[in-house]
Amino acid sequence: MKKSHENKFAIYLLTDELLHIIYKKDHCIDLKAAQLIVRDRMMLQNGREMPVLCDIREVRRVNKPARDYLALEGSQWVKALAFLIDPPVTDVISSIYLWTHAQSVPTRSFVKKSEALAFLKSIK
């Protein structure tokens, strides 16, 4: 099964084993954006818990209410989370997220997609 979806902020690619979310360029992620991103992700997953790869290399800003929402409500049905980053900007964004929110699921940041995928596959 392969499915895809797109909204103003992200492109979603779903396979049987993984959900890949690619954030679009030059958007500030605020609470409304975070709610839409999570709603669309959950619609695609349809209740299935799975690993998620978030490509945030084009994100330039995520405000605190959005970070809080993504960390709490946004972690439902996420088995493991890997951020694909491009230092220094998205490295800082992912670091703030990881430092300020207790992770209920295994979460790490990667520069290389192959390493992010290997991490997600290692989570059983």
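Modeller: A salt bridge is a side-chain nitrogen of Lys or Arg within 4 Å of a carboxyl oxygen of Asp or Glu. This is a predicted model, in which local features need pLDDT of at least 70, side-chain atom pairs count only at pLDDT 80 or more, and totals for chains, interfaces and linings use all residues. Residues are numbered from 1 along each chain as its sequence is written, and side-chain values use heavy atoms, with hydrogens and water left out.

Colleague: How many salt bridges does the structure hold?

Modeller: There are 4 salt bridges.

Colleague: Why is the contact of D40 with R39 called a salt bridge?

Modeller: The closest N and O atoms of D40 and R39 are 3.4 Å apart. The limit is 4 Å, so the pair qualifies.

Colleague: What makes D40 buried?

Modeller: Buried means under 20% relative accessible area, exposed over 50%, and partly exposed in between (1.4 Å probe, protein chains only). D40 has 4%, so D40 is buried. R39 has 53% and therefore counts as exposed.

Colleague: How do you know that R57 and D55 form a salt bridge?

Modeller: Their side chains meet at 2.6 Å, N to O, and that is within 4 Å, so the term applies. R57 is partly exposed at 33%, whereas D55 is buried at 7%.

Colleague: What separates D68 and K64 in helix α2?

Modeller: D68 and K64 are 4 residues apart in helix α2 (residues 64–71), which means about one helical turn. Helices are DSSP runs (H or I, at least four residues), numbered from the N terminus. D68 forms a salt bridge with K64, with the closest N and O atoms 2.9 Å apart.

Note on methods
Helices (H or I, at least four residues) and strands (E, at least two) are DSSP runs, numbered from the N terminus.
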